[in-house]
Every structure is written in structure tokens, then in C-alpha cells.
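Please examine the backbone below with care.

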Amino acid sequence: MSSLHWVVFSPFLLAIFVPLLFKQFRRIHTGWFVLILPIILFVYFLQFIVVTSSGNTVMERADWIPSLQIGIDLYVDGLGLLFALLITGIGSLVVLYSVFYLSKETEKLNQFYVFLLLFMGAMLGVVLSDNLIGLYMFWEFTSLSSFLLIGYWNERERSRYGAQKSLLITVLGGLSMLGGFVMLGFMGQTFSIRELISQSAEIFAHPLFIPAMLLILLGAFTKSAQFPFHIWLPDAMEAPTPVSAYLHSATMVKAGIYLVARLSPIFAESGVWLWLISAVGLVTLFWGSFSAVKQTDLKGILAFSTISQLGLIMSLLGLGAAALHFENLDDNIYMAATVAAIFHLINHATFKGSLFMAAGIVDHETGTRDIRKLGGLLPFMPITFTITVIGGFSMAGLPPFNGFLSKEMFFTGMVNVLALDIFNMNTWGVLFPVIAWIASVFTFLYSMILIFKTFTGKAQLEKLEKKPHEAPMGMLISPIILASLVITFGIFPNLLSASLIEPAVSSIQPLLAQNDFHVHISFWHGWWTPELWMTIGVIAIGIILYLTLSKWKGIYGILSQRYSLNALYDWILSTMDNFSRALSDRVMTGSIRNYLVYIFTAFFLLLGVSLFGKGAFRLEFGNIAPIGLYEIILAFALVIGSISILFAKSRLTAIILLGAVGYTVSLFFVLFRAPDLALTQLVIETISVALFLLCFYHLPKLTSRKEERLTFKVTNAIISVGVGVVIALIALSSHSQKLFDSISSFYLEKAYTEAGGKNVVNVILVDFRGLDTMFEITVLGIAALGIFAMIRLRLTRRNDQL
Amino acid sequence: MKNDLILQTVTKVAVFIILLFSISIFFGGHYSPGGGFVGGLMTSAAIVLLLLAYDLNTVAKILPVDYKIMIATGLLISALTVAGGAIFDVPLMTHAYKYFDLPILGHTSLHTAVLFDLGVYLVVVGVTMTIIQTIGEDE
């Protein structure tokens with residue numbers, strides 16, 4: 001356990017104390033205690049910039065399950081550090097914001113901050129894990145905490161729906177990703193990402209390469225809300241706004257992007273990788289921006305905008321893979337795509353974070369997020385307006401904000417596709433810049449809608465729940481910090497290039513970055529570059545579309561709701577629900593007799609088929625002990641007792657006969673000199689007979705209820721005889737052939753020397769196979785509590801009805 | 001069942017004998033037939049005998065024990081004994097034992113296995129009695 005491990009686990013540790021702090025200090029907002037941690041962690045991770053910018057990395061190992069090569073191996077390089085800084089930095093701002101957003105009187109702050117810290121620790125684990133299985137564990141933790149946070153207001157039906165949807169979709173992807181990880185581990189005989197990268201050539205040639213890649217990409221696409229899995233993100237907006245700003249725009253949804261970036265060195269040689277990621281990214285980019293325009297909820301716009309921006313980053317990462325095929329070029333133009341992806345990732349976190357917080361302020365101070373009700377808020381909330389303008393213009397790609405720079409670089413990357421002559425890019429690749437440009441027009445459009453529909457126009461105060469006013473200062477601090485970062489990174493982009501972008505890019509493209517690679521982001525590329533004219537075109541067409549919005553909005557009505565992806569999702573869920581209900585209604589009839597028929601039929605068939613199918617049946621009476629008079633008498637007693645049970649007239653007789661059979665069996669144990677078994681069997685028979693007597697004492701007599709008397713059924717007879725015969729045959733066969741030496745001699749020898757006991761049975765129970773006993777008594781305990789709960793619950797329910 | 005004088009008189013004596021015997025075979029388990037499982041069952045048998053001779057309420061008055069807590073206690077003791085290995089950095093379930101010469105008992109071995117077995121004993125008694133009690137109360 002190194003200090004790095006403590007850092008990753010510190011949010012989990014603090015989460016344990018949060019409920020305590022909440023209870024003890026009711027007058028202080030719990031958020032203040034939580035706030036300290038991300039700030040400390042942020043400062044801690046800042047120190048690593050020195051390490052990674054000089055090209056070094058840090059690796060700390062801790063074993064977890066060494067026999068399976070699973071460990072919590074933490075690895076800090078440029079990419080991991082960038083994400084760690086985002087997680088802790090945005091995390092600090094979000095916690096600060098939440099202190100003012102969530103009231104300490106009415107909200108369940110103890111739960112909220114536990115979930116939030118759980119997420120923070122898990123996300124740090126995802127981006128710092130070098131071991132794939134460790135990464136997977138943290139990955140699912142982020143899905144889980146996201147589920148809990150979306151469902152935070154669990155009294156709302158929409159919250160529960162959104163939480164379930166996000167969990168189902170992301171965990172489905174996570175599971176397939178685990179499959180991909182296992183395949184990777186199988187191909188490379190290790191789960192360490194770094195070791196896998198070093199053998200990327202062998203893995204590329206392996207037949208499992210493509211399946212593993214597809215499975216892992218499914219995980220990345222579901223997590224990062226890529227088309228067609230994006231449908232969970234808009235519903236996740238039911239979460240409190242700080243959560244939306246943190247998980248569903250700045251960090252968690254970027255885990256998929258992280259994964260793609262992290263595994264690029266392994267998979268990027270493949271043409272499928274390049275095509276799939278860039279195409280899915282572009283489709284998502286277009287569909288997200290197109291759908292954002294029709295939204296009327298502020299957070300809905302932001303959700304679709306996040307989807308589209310994630311698609312943008314994804315497509316850039318996909319195109320960045322092209323750089324691998326041009327290793328000889330001195331000026332590798334395809335590196336620009338990867339640089340743009342990383343740069344936009346940072347920019348997106350800043351402007352989208354500030355926009356979410358501004359939307360939260362509007363919601364908090366007016367009581368609604370519906371842009372049809374909002375409007376004319378500018379005189380009431382000038383600071384929030386300024387923040388929204390900065391964030392929105394940056395998102396639209398206007399100078400001098402950072403979004404402009406990354407949008408230019410994005411266009412550069414897309415235009416470069418035209419020069420690409422691998423994987424048939426020269427044919428369909430033409431579409432790339434076209435789609436990118438159209439999507440950017442819509443991006444511009446929804447950014448304008450977000451800003452101007454909310455703050456300008458006629459104020460409709462009568463439709464608002466509260467009288468609008470500016471938010472308290474504390475709530476404004478976080479978005480102001482983010483907005484000033486938007487401007488700072490816009491004017492001085494090279495602040496980031498050497499410290500964060502270069503190390504991150506070199507983690508994604510380790511081979512290329514070796515030969516003296518430097519990032520320089522410039523503001524002005526000259527008049528006659530396609531990027532500049534594309535931007536000017538975006539602004540011009542965007543303004544026209546905005547002004548004529550009401551005239552062409554009808555096209556959104558063409559695609560009916562019935563055929564949407566959401567309807568498909570709901571249809572799948574309800575169909576599965578109906579199917580499983582129909583199935584269980586059919587099978588679970590509630591009659592114990594039917595269940596016994598299932599159990600014994602399966603028993604009979606499985607054992608019988610495997611006994612004869614595997615050729616295990618054999619009869620040999622060579623080495624049996626001589627049969628004495630006592631054995632014969634006891635056997636007769638057993639047979640007579642068993643048969644008489646069938647003809648017993650009353651329950652009491654049946655129970656006593658059953659007891660007699662049990663006692664006879666224990667006499668057999670006495671004959672075979674197994675005192676422990678005999679003793680146990682005797683006591684168990686005594687107790688169970690007493691128990692049955694106690695149970696049945698109050699029940700009506702058999703004769704008084706005719707229908708209780710079983711009629712003879714052929715199928716039941718076949719099943720019961722069959723089970724008996726199969727068991728007898730198995731017992732005889734196992735006696736007839738000894739494939740292995742008996743283990744009993746080992747126990748006899750070692751019982752005294754190793755365990756210091758003379759009763760071998762007991763030594764086996766408490767020592768050699770003690771873990772079995774441990775779990776057996778656990779099961780016993782669970783069974784007893786189950787019986788207690790079932791009977792007691794039924795009793796109380798009956799009492800309630802009376 | 002309310003007026004079984006003979007059964008009740010015999011029970012008064014027999015219960016103690018059964019209980020003592022059950023404790024004896026519980027402790028002797030490591031060297032002669034017996035152990036926590038049989039010991040626990042036999043203790044339950046003694047209590048069941050009481051239940052048959054008297055009724056649930058009387059027995060609950062004589063032995064005011066919450067058997068569910070007994071299950072939990074037993075599981076905890078066993079689990080801690082198993083986990084003890086982790087503290088001493090040996091494989092789980094490793095038992096320690098030593099022989100002592102004690103005053104009345106003479107040459108005796110003290111064995112951590114008996115702690116584990118104590119857990120088993122408590123769980124078995126707890127489980128049996130919980131089941132019998134709940135079913136008995138449910139009429």
C-alpha cells in the first residue's frame with residue numbers, strides 16, 4: 001500500500017464517516033467536510049505534473065488476488081493524471097456548488113455525499129488502474145454510484161426510471177467489456193495494460209483480437225453515451241444538477257473515452273477500430289446536436305449537447321489512430337486529431353461544467369428549467385447570464401474562448417481525412433468533414449437557444465414558481481472559476497500543451513511521441529485555411545437557422561415517438577418482463593407436489609443419463625464383507641417400515657414409521673462401527689419425529705379430509721421408483737470400481753499428527769474441512785431465519801387483516 | 001398433553017442427564033465420538049423433551065433465550081476462529097493446541113478447534129430451536 005493507494009481509497013474511507021458527520025454536526029452543511037478531500041487530492045495530483053511532463057511515470061503495485069494476476073496496480077502517466085486532475089478539480093467545484101444547491105434542512109445529505117465520494121474514489125480507480133480487472137471493478141462502482149445518484153430523489157417516478165435505465169445500459173456494456181478484458185488477458189497472459197501494450201503486435205495477429213475489441217468498445221460506447229446507447233443520458237438528468245455537472249458531463253461519461261484512449265496502443269493498428277470509433281463518434285455528434293435543438297428543458301439541451309460533444313471527442317480519437325500508419329512523416333498531420341481530442345476533453349469539462357451550474361442556478365432561483373416558460377432573465381441574473389454566454393459561446397466555437405480553438409482543431413482533423421488513403425477512407429471519408437460541419441451548425445444553434453431563449457426576450461414572470469433573483473455568491477463561485485478557465489485556456493492555450501496535453505497524447509500514441517513531439521496550439525492559421533471558412537459558415541448558417549427556427553421546426557415531428565430508440569428500450573423491457581412472468585406463472589404453481597416432481601424428474605434423468613451415458617455402470621461383488629444375520633434382519637425391518645408408510649392411515653402412524661426407518665439406519669451405522677454417525681442419526685431422528693409431532697398435532701386427521709389421500713398416479717410411481725433404482729445403481733457402481741485410492745487413509749494418518757485429534761470425523765469437521773462446516777452452519781442459520789421470517793410475516797399479516 | 005404426570009416427572013430428571021451428556025460429548029468430540037454438531041442436537045433434544053412434557057410458554061420462562069441471537073453469536077465465534085489465522089499470518093482454519101496438566105482434569109489438551117466447535121454447537125441449538133419454536137407458535 002503506497003500513498004497513491006491511500007489517495008485512491010481515501011474517498012471510500014471518508015464516505016464511512018459522512019453519516020456520522022451528518023448526524024453529529026447538523027448545523028454545519030456536510031458538504032464543507034467533504035470539500036476538503038477533493039481539494040487536497042487535487043493539490044496532491046498537481047505535483048505529478050512535474051513527473052509526467054518530463055516523460056516519467058509512477059507505478060505502485062498492491063496484490064489483491066495474486067494467483068489470478070489480479071491486483072490494484074496504480075499507474076500515473078499523462079493520460080491518467082489528466083483525468084485525475086479533472087476528477088478532483090471539477091469534484092471540488094461541484095462539492096462547493098452543492099453546498100449551496102442542496103439544503104441542509106430538507107435533503108438527505110448523508111446519502112448524497114456517500115454516493116458522491118463513492119463515485120470519486122471509483123473514478124480515480126478507473127483512470128489510475130493498470131490492471132484490467134481492477135479497472136473493471138472500479139468501472140462498475142462508477143455505474144453503481146451513478147445509479148444511486150440519479151435515483152437520489154427516489155420518490156420521483158422519473159428518477160427511478162432514469163436510474164434503472166442508466167444502470168441497465170451501462171452495466172450491460174460493462175459486462176461485455178469484462179468479456180473483452182478476459183480475452184485480452186487470455187491473449188497476452190497478463191492483465192496489465194502496459195504489458196499488453198508491449199505485446200500489441202502478437203495480440204493484433206490473434207484470432208480473438210476483433211471479438212475482444214468489439215466487446216470492449218461496447219463497454220466504452222455505452223458508458224460514454226454513444227449512439228445508439230445514448231438514450232440513458234437524457235434520463236439521467238433527473239439527478240441533482242451538481243451530479244449532472246460532475247458525473248454526466250465532466251467525468252463519468254468520459255470513462256469510455258478514457259478507455260478508448262488508454263487501449264489505443266493495443267488496438268489502433270486495426271482498420272475496424274479506426275472506422276468504428278470515428279463513424280460511431282460522428283453519428284453521435286450529429287444526432288446529439290440535431291436532437292438538442294428540439295429540447296425544451298435546459299438540462300435536456302445540455303444532455304444532448306454532452307452526447308454530441310462526446311461523439312466529437314470519440315471521432316477524433318478514432319481518426320487519431322490513422323497517425324500510426326504514417327510513422328515516417330516528420331510532420332504527422334493525423335497526430336492533430338489526438339491532440340484535439342485531449343484539448344477538447346479539457347475544454348468540454350470547463351464550459352459544460354459552467355453551463356450545467358448556470359442551468360442549475362436558473363432552476364434553483366426560478367423553479368423551472370423549461371425554456372418555454374423562461375425568458376428575459378437578463379435583468380434579474382446578470383452574473384449567471386455572463387457565465388452562460390461565456391460557456392455557450394465556447395460551446396458554439398466562437399473566439400476568443402477555448403471551444404473555438406478545439407473546434408478549429410477538430411475541423412483540421414476532419415479535413416485531413418480527405419488526404420487519407422488507407423482502409424477505403426478516400427471514398428466514404430468525404431462524408432466526415434461534411435457531417436462534422438453540419439453537426440457544428442446545430443451545435444451553434446442549440447448554444448444560441450440555450451443562451452437567448454433563457455435570458456433575452458419577454459420575461460414571463462407569471463409562469464415562474466418563484467420571483468427570480470441572482471443566486472447567492474457561494475453558488476456562483478464554482479461556475480465563475482470554470483468560466484474564467486474557459487477564457488484563460490482560450491487566450492493562453494499553450495498553458496496546457498506542455499504540462500497536460502503532451503504527456504496525455506504520448507500515453508495514447510507512445511511510439512510516435514518518442515521522436516521529439518511537441519504541441520503548439522495557435523490561434524490564427526491565416527486567412528485561406530478551410531477551417532476558418534468552415535467556422536464562418538457555421539456562424540452564418542447558424543444565425544439564419546436560429547432566426548427561422550419556428551418555420552422549419554416541423555421536421556422534428558416527422559420522426560414519430562413510436563419508432564424512437566426509447567420506445568424500443570421500453571418495448572424490450574416490458575416484453576422481457578411479460579415473458580418471465582408468464583414463464584414463472586406456468587412453472588411455479590404453488591403446489592409442493594409439483595415442485596417435487598420437477599426436482600425428482602431432473603434428478604432421475606440427469607443421474608441416470610450420466611450413469612449410463614458415461615459408461616460408469618458396473619456391478620462387482622468381489623470385495624464385499626460377509627453379510628451377517630443382523631444385517632439381514634435390519635434390512636427387512638427397513639423394507640417393511642418403508643412400505644408400510646405408504647399404507648399408513650393417519651399421519652401419526654406415518655411419522656412413527658418414518659422414525660422407525662431412521663432408527664434402523666442408525667443401527668446399521670452401529671453395525672458398521674461408525675459411532676459418530678450413529679449418534680448423530682439417532683438424535684436427528686428423535687428431534688425430527690418430535691418436530692413432526694409438534695407440527696401435525698394440530699392438523700386435521702387424514703380420514704376427515706378425503707382429498708388429502710393421494711390417488712395412485714403412474715407417472716409419480718415411475719419417477720419415485722426410478723429415483724430409487726438410479727441411486728441404488730450409483731451406490732453399487734461406485735463400490736464396484738475404485739478409480740482412486742481412498743482419501744480416508746490420509747485423514748487417518750494425519751488426524752493426530754497434524755491436527756492433534758483422535759476422532760477423525762470430528763477433526764475433518766472442524767479442521768480439515770472446517771471451511772465447509774463454516775458455510776454449512778451459515779446456511780443453517782439463514783434457513784432458520786428464513787423459516788422464522790416466513791411464518792412470522794404471515795402471522796403479522798393475518799393480524800393486520802383482523 | 002397438559003396432564004402428563006409421568007412424562008413430566010421423568011422429564012425433570014432426564015433433561016439434566018441429557019444436557020450433561022450433550023456437554024460431555026461436545027467437549028470430548030476431538031478424541032471420542034461427539035462434537036459440536038451432535039452436542040448441539042442433543043441439547044436441542046433435551047429442550048424438545050421439555051417442550052413435549054410442558055408447553056412453549058413454560059419452557060420460554062425456564063430458558064429465556066432468544067435463539068436467533070444464539071445463531072448469530074455462534075456464527076460470529078466460528079467466523080472469528082476461522083479468521084484468526086489471518087491475524088497470526090497462517091492459512092485460515094489453522095488450529096493451535098497444546099497439552100496442559102490441569103488440577104482436577106489431569107492431562108488435558110486445550111485446542112482452538114473447540115472454539116470453532118462451540119460456534120457450531122450454538123448455531124445448531126439456535127437453528128433447531130428457532131425452527132421448532134416458530135412452527136410451534138404458529139397454530
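Ala225(A) counts as buried, because 30 C-beta neighbours lie inside 10 Å of it, and the cut-off for a buried residue is 20 or more. The model in which this residue is found is a predicted one. Ala225(A) belongs to the loop between H10 and H11 of chain A. Its phi is near 55°, a positive value in a residue other than glycine. Most residues other than glycine have a negative phi, and most peptide bonds are trans.

Pro228(A) is found between helix H10 (209-223) and helix H11 (232-235) of chain A. The peptide bond that leads from Phe227(A) to Pro228(A) is cis, and its omega is near 0°. Another cis peptide bond runs from Pro399(A) to Pro400(A), with omega near 5°. Pro400(A) sits in the loop that links helix H17 (382-396) to helix H18 (402-416) of chain A.

A positive phi is found at Gln189(A) too; the value there is near 60°, and this residue is not glycine. Gln189(A) occupies the loop between helix H7 (157-188) and helix H8 (193-198) of chain A. Is Gln189(A) buried or exposed? Gln189(A) is exposed, because 10 other C-beta atoms lie within 10 Å, and a residue with 12 or fewer is classed in this way.

Chain A contains 34 helices and four strands. Its C-alpha atoms fill a box of roughly 110 × 70 × 55 Å along the principal axes. Of the 802 residues in chain A, 44% are buried. Among the contacts of chain A that join residues at least 6 apart in sequence, 77% are between residues at least 24 apart.

Helix pairs show how parts of chain A are arranged. Two packed helices are described by the angle between their axes and the distance between the axes. For helix H1 (residues 3-24) and helix H5 (residues 109-128) of chain A, the axes come within 8 Å and cross at roughly 175°. H1(A) and H5(A) are therefore roughly antiparallel to each other, since angles over 145 degrees are classed in this way. On the H1(A) side, the residues that make the contact include Phe9(A), Phe12(A) and Phe22(A). On the H5(A) side, they include Tyr113(A), Leu117(A) and Leu124(A). By class, the residues of this contact comprise 17 nonpolar, three polar and no charged.

A further pair consists of helix H14 (residues 271-294) and helix H15 (residues 298-320) of chain A, whose axes come within 7 Å and cross at roughly 160°. H14(A) and H15(A) are therefore also roughly antiparallel to each other. Their crossing is left-handed. The contact between H14(A) and H15(A) is made up of 14 nonpolar, 11 polar and no charged residues.

Attention now turns to the other partner. Chain B has five helices and two strands, and from the N terminus on its elements follow the order α-α-α-α-β-β-α. Its C-alpha atoms fill a box of roughly 55 × 35 × 20 Å along the principal axes. Buried residues account for 40% of the 139 residues in chain B. Within this chain, H2(B) is largely enclosed by the rest of the structure, because 17 of its 18 residues are buried.

Val123(B) counts as buried because it has 30 C-beta neighbours inside 10 Å. Among the residues that Val123(B) touches are Ile777(A), Leu780(A) and Gly781(A) from chain A, together with Ile71(B), Gly74(B) and Leu75(B) from chain B. The C-alpha atoms of Val123(B) and Ser78(B) are separated by 9.4 Å, although these residues are 45 residues apart along the chain.

Note on methods:
Residues are numbered from 1 along each chain as its sequence is written. Chains are lettered from A and ligands numbered from 1 in the order in which they are written. This is a predicted model: local features need pLDDT of at least 70, side-chain atom pairs count only at pLDDT 80 or more; totals for chains, interfaces and linings use all residues. Two residues are in contact if their C-beta atoms, placed from the backbone, lie within 7 Å. Axes are lines fitted to C-alpha atoms, for helices over the stretch in contact, and angles run from 0 to 180 degrees between N-to-C directions. Angles under 35 degrees count as roughly parallel, over 145 as roughly antiparallel, 65 to 115 as roughly perpendicular and the rest as oblique. A crossing is left-handed if the near helix is turned anticlockwise from the far one by less than a right angle, and right-handed if clockwise. Ala, Val, Leu, Ile, Met, Phe, Trp, Tyr, Cys and Pro count as nonpolar, Asp, Glu, Lys and Arg as charged, and the others, Gly among them, as polar. Lists of a residue's contacts leave out its neighbours within four places in sequence.
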